Amino acid sequence: MQQPLHKAICHVDLDAFYSQVEVKQHPELRSKPVGVVQYNPFGNLETRRPDENRVMNDSNGSLIAVSYEARAQGVKRNMRGNEARAACPDIQLVQVPTAHGKADLTLYRSEGKRVLDILARLAKTERASIDECYLDLTEEAQRRLEACGGVPPLPCNAEQVHVMADAGFVGAASWWQRPQHEWRPGERLLACAAAAVADLREAVRRELGYTCSAGIAHTKLMAKLCSGLHKPAQQTVLPADAVPILLGPLPIPKLRGLGGKFGEQVMSELGIGTVGELASTPLPRLEAVFGEKDAQLLAALARGITDDTVEERKLAKSVSCGKTFRGRQALRDLHAVHTWLLELAGELSERIEADREDNNRVPTLLTVSFGSHYSCVHAPAAAVEYLLPHISPILLPASGFPYTSRSCPLRKVMADAMADDATALIKRWAAEQGAGWSLSSLGLAAGNFVSVQSPASAITRFFKPAPTLSADEQHREQQQQQQQQEERQEERQDLHHQEHPQPAEMHEQQAEQKPAGPTSLQSEGKTPAQTEQLQQEADAQQGAAAPAGSGSSWSAAEARQHQADAVTLGRGSSAGPSDAYNAASGSLEAAVCTAAGQAGPSGSNSRHSRLAEPGEAGQLLAGEVDESVLAELPPELQREIRAQLKTQQMAQRLEKRTGSGGTGSTAGGRGAGGGSGRSAAAAGGAAVKRSAAPAGVQRIDAFLMQAAKGKMPRK
């Protein structure tokens, strides 16, 4: 077993990050000893925003972060405020922001994300928590190694770089300037990676004002171990030959994966206490005690070898928040549980919405976790609450945290819906426990994120202003519009010619006319007078949408063409989103206006594109609407559309029953059925009456028809 010498991995840890963020928020605290304290859960739970003055030097809360100036005077994390003041009378205590009756860590998360964005410039990045991450610098180190001709240059701020060698730690200058024959395999790669890390750390300090420390090694395990060897604002390089020197005296519980019961079993079964002793244990002995699989794992861990890779993940796998209830504050009934779940769900919904806007994703799983006591956790409750947002409740080990967790699909990103679902999960658990249960902690998490298809999900995109066209583009648009108008005019003339032939042509057509088909107005057993009456009724219905002033020459064919022309998407309207919503919420036939720049008097900037033929949208709405698109509409509009769909479905079922009786009714055309003398649209409801939409708008039924045909990505 040996280190993967072809890899260069780094672990970055921000120095006393919460304290640094608060000093940035309160510049007057720079260079002073600072501690960040929890809020008083027994006191005033009012909201305190990040931009407010939160310096509270009389607080006795638990310290969750301590600046290095305060550490130098003996202040430690988890101290109470009174203890910190006794050790350092000049300490400045800043309370964390609060919202929803608990700590609000949004400020620290957002600043941590800004740091991560800088670190990701040169490396594959895996977010580990709010203030730490892993970087895979292999490709960047190889690029730098090729560029320098195999002689790694000294990193910037070399005085902040330390290297662990056989005789202990050495400075960067002496290690980098060694003779070429003294360089061992893998060391040049680590040297180039260390130079890249130094550049990234300097960029974080220069752009954001934060300092961070780092460890560079061949594996994530060793990079994590050595990142804390020199702090603050420093970095440590760990070559492969120095791994046994670092691991040898390390207590076994300090090694990742051996800090719990398994580590205790290893020490008791083998009678050892350090990683060096574990590494010297023969493999057959390990296999005899722990089996082949665990023996291989222990042998690899003892040598600092792991096969885990840096996963490209700048985002958290889950969004979570928690709250502790100590002593008499413990929750003992479902009403109290639901009240606090509403607070947690309120914070969670805000963060989910913010995450959706930033990262275009939504969670699909809701998990509630809860515990009845903290008897086995050797830490103040405030510190436990501080840890909850860093650890998904799904991953909390039962042995360390006496948590029970239950999950269900996340049906709505709304505080009341999430609180109701989480309460139902706890209610089922409480029924199994019987009377006398109590909860001393609550955690709520949303996970299993899925990507959101931007065209289908961001319906507001249709309300955004369209880009302004250049002069050439406007000229081409005008030519296209003129050509489309000419084509439509020719179609109108052809249709008018077919429906109103000249006398000589009418004689020829009557001579060659075939028996009436299913779309003809003629019906078997109808007299010419009845047929003429049906024709007049159908033409009157088709001409109902004729514009004012059109006169009696507005034919049925022209009415149909006018209806088709109305189903367009243009940019000539200057209506805003609120106007579009008000228009659309009136009825299904109302139009959704698109916001655009002010069009000229002639409407030269309008663009028309045919979306559907007449009758297509009405036929599709009854059964082919994409529910994922429909769900993105405002609730009021959803209810209106679903009511219209229900009416259409009832009409279609009625039409099928009527059609099975031999009435001869037709959908979308003209006909007679059941001897009633009514058109098929009036009798069966197959054809949906649609009013014409003004120019520059898109009909909502045409939009949904387009989504149903798959022209827009679905979730």
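Okay, let's start with helix H4: 14 residues, reaching 20 Å from its first C-alpha to its last, close to the 20 Å expected at 1.5 Å a residue. That expected span is 1.5 Å times one less than the number of residues. Helices here are DSSP runs of H or I with at least four residues, strands are E runs of at least two, and both are numbered from the N terminus.

A word on the source: this is a predicted model, where local features need pLDDT of at least 70, side-chain atom pairs count only at pLDDT 80 or more, and totals for chains, interfaces and linings use all residues. Residues are numbered from 1 along each chain as its sequence is written, and side-chain values use heavy atoms, with hydrogens and water left out.

Back to H4. Which of its residues are buried? They are Leu107, Tyr108, Arg109, Glu111, Gly112, Val115, Leu116, Ile118 and Leu119. Buried means under 20% relative accessible area, with a 1.4 Å probe and protein chains only.

H4 also gives the most to the lining of the largest cavity, with 4 residues. A cavity is a set of points, on a 1 Å grid over the protein atoms alone, where a 1.4 Å probe fits but cannot get out; lining residues have an atom within 4 Å of a point. The largest one holds about 90 Å³ of space, and the count is 4 cavities of 30 Å³ or more. Volume here is the space filled by probe spheres set on the points, which are joined across faces, edges and corners.

Besides H4, strands E1, E7 and E8 each supply at least two lining residues. Arg127, Asp131 and Glu132 are among the residues of that lining.

Now over to helix H15, residues 415-433. Its buried residues include Met418, Leu425, Ile426 and Trp429. What covers the buried residues of H15 includes helix H13 and strands E15, E16 and E17.

Zooming out, the chain has 26 helices and 20 strands, and buried residues make up 46% of its 715 residues.

How confident is the predictor? pLDDT, its confidence in each residue from 0 to 100, averages 75 over the chain, and 63% of the residues score at least 70. Over residues 374-401 it is below 50, though this stretch has 57 contacts in the model beyond near neighbours in sequence; contact means heavy atoms within 4.5 Å.

How values were computed. On a 1 Å grid over the protein atoms alone, a cavity is a set of points where a 1.4 Å probe fits but cannot get out, and a pocket is an open set with protein on both sides within 12 Å along at least five of seven lines; lining residues have an atom within 4 Å of a point. Buried means under 20% relative accessible area, exposed over 50%, partly exposed in between (1.4 Å probe, protein chains only). pLDDT is the predictor's confidence in each residue, from 0 to 100.
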